[in-house]
Amino acid sequence: MKQNEANRPYSGAFLQSREWGAFQEAVGRRVERVRVGDHETALQWVQLPFGLRYAHAARVDFDDVGWQQIVAHARKGGAVFMRIEPLTDAPMDSAARKVRDHHPSTTRIIDLSASEEQLLAQMKQKTRYNIRLAAKHGVVVSEASGVWGVRRFLKLLAETKERQRFTVHAPAYYEKMLETLGAGDAPVPARCEARLFVARYNGKVRAANIVISYGDTVTYLHGASSDKDHEVMAPYLLHWMTMLWAKKCGFRWYDLWGVAPLGATSHALMSVTRFKEGFGGAMVSYPGTFEIPLCRFWYLFIRLHRRVRHLV
């Protein structure tokens, strides 16, 4: 698998880390480290109905021989299909079928090597205004840990889910993430670590984000906010202070993890895209998610099963 170039952001590198693999196993997925060429690739085995399963390789890039090796390995392991999220438009199996994104294929990434003044200058005027407004209102941003922090995040997540009507994981998923990927006082770039940052107004948590640090990047992975005290703009200051924390710790990139593709008029991420665009940065895109059928009969059966479930 190709590695990140020195001056080029690589969104989702943490998905291939050993720590992320341990977290996935903690929530019930088997993760296998498969050697392809000179590198190891994390391959997840995901259960399907009727005792079937598929193999999933996220954020990977192989040459022709590598693709053949990983697909052959999945077929030998009994996968109905192989799900792949490639980093580039490298050659792939001709039977590959593009499907809905699993992880976001388009994101915005901010270069933290810029000065604080430059980071603010690249933002939209309204975003800068809201950051200052939140600070003026006395919003306080800090890292939270333990049961108290997790419960506050889950409470806000329930509010956000109801308000924006989007799908979220079960509460145990976030609890296990913060437990398995727990971090110390100082981040260790070689480790995939999860942290919870909260923004409080008058002592009440009004916004909370889970971020992942790994390598040279801090990724905003999950966020939630309250509809109470909306006028104090807590989420804006929360992101800004997290960016400053990441910069101070020596990270190069702040990944906003998912926006609608350029020119999209209907997309699952449309509601958060304008908010994220306000922070500036550069758009980074990947080819998307593909599925390679390895057992055509069962693959067609699973696709039909999915359609029926969506209709009822």
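Biologist: How are α4 and α7 oriented to each other?
Modeller: In this predicted model, the axes of the two helices come within 8 Å and cross at roughly 95°. Angles of 65 to 115 degrees count as roughly perpendicular. The relation of α4 to α7 is therefore roughly perpendicular.

Biologist: How many nonpolar, polar and charged residues does the contact of α4 with α7 have?
Modeller: On the α4 side, the residues that meet α7 are Thr 127, Asn 130, Ile 131, Ala 134 and Ala 135. Their partners in α7 are Tyr 236, Leu 237 and Trp 240. By class, the contact has no charged residues, 2 polar and 6 nonpolar.

Biologist: Which element supplies the largest share of the largest nonpolar core?
Modeller: This core has 32 residues, and those touching the most other members are Ile 110, Ile 131, Val 139, Trp 240, Met 243, Tyr 254 and Phe 279. At least two residues each come from α3, α4, β8, β9, β10 and α7. The largest share, 9 residues, is supplied by α7.

Biologist: Which residues does Trp 240 touch, leaving out those up to four places away in sequence?
Modeller: Trp 240 is among the core residues that touch the most other members. Beyond four places in sequence, Trp 240 touches Glu 116, Leu 119, Leu 120, Met 123, Ile 131 and Phe 279.

Biologist: How many residues does the second, separate core have?
Modeller: Its members include Trp 20, Leu 154, Val 205 and Ala 208. The size of this second core is 27 residues.

Biologist: Against which elements do the buried residues of α1 pack?
Modeller: The buried residues of α1, which spans 18-26, are Glu 19, Trp 20, Gly 21, Phe 23 and Gln 24. They pack against β1, β2, α6, β9 and β10.

Biologist: What arc do the buried residues of α6 cover around the axis?
Modeller: In α6, residues 171-180, the buried positions are Tyr 173, Tyr 174, Met 177 and Leu 178. An α-helix has 3.6 residues a turn, so residues three or four places apart point the same way.

Biologist: Is Trp 257 buried or exposed?
Modeller: Trp 257 is placed in the loop between β11 and α8. Its relative accessibility is 9%, and the cut-off for a buried residue is under 20%. Trp 257 therefore counts as buried.

Definitions and conventions. Residues are numbered from 1 along each chain as its sequence is written. This is a predicted model: local features need pLDDT of at least 70, side-chain atom pairs count only at pLDDT 80 or more; totals for chains, interfaces and linings use all residues. Side-chain values use heavy atoms; hydrogens and water are left out. Buried means under 20% relative accessible area, exposed over 50%, partly exposed in between (1.4 Å probe, protein chains only). Helices (H or I, at least four residues) and strands (E, at least two) are DSSP runs, numbered from the N terminus. A nonpolar core is a set of buried Ala, Val, Leu, Ile, Met, Phe, Trp, Tyr and Cys residues joined through side-chain atoms within 4.5 Å. Contact means heavy atoms within 4.5 Å. Axes are lines fitted to C-alpha atoms, for helices over the stretch in contact, and angles run from 0 to 180 degrees between N-to-C directions. Angles under 35 degrees count as roughly parallel, over 145 as roughly antiparallel, 65 to 115 as roughly perpendicular and the rest as oblique. Ala, Val, Leu, Ile, Met, Phe, Trp, Tyr, Cys and Pro count as nonpolar, Asp, Glu, Lys and Arg as charged, and the others, Gly among them, as polar.
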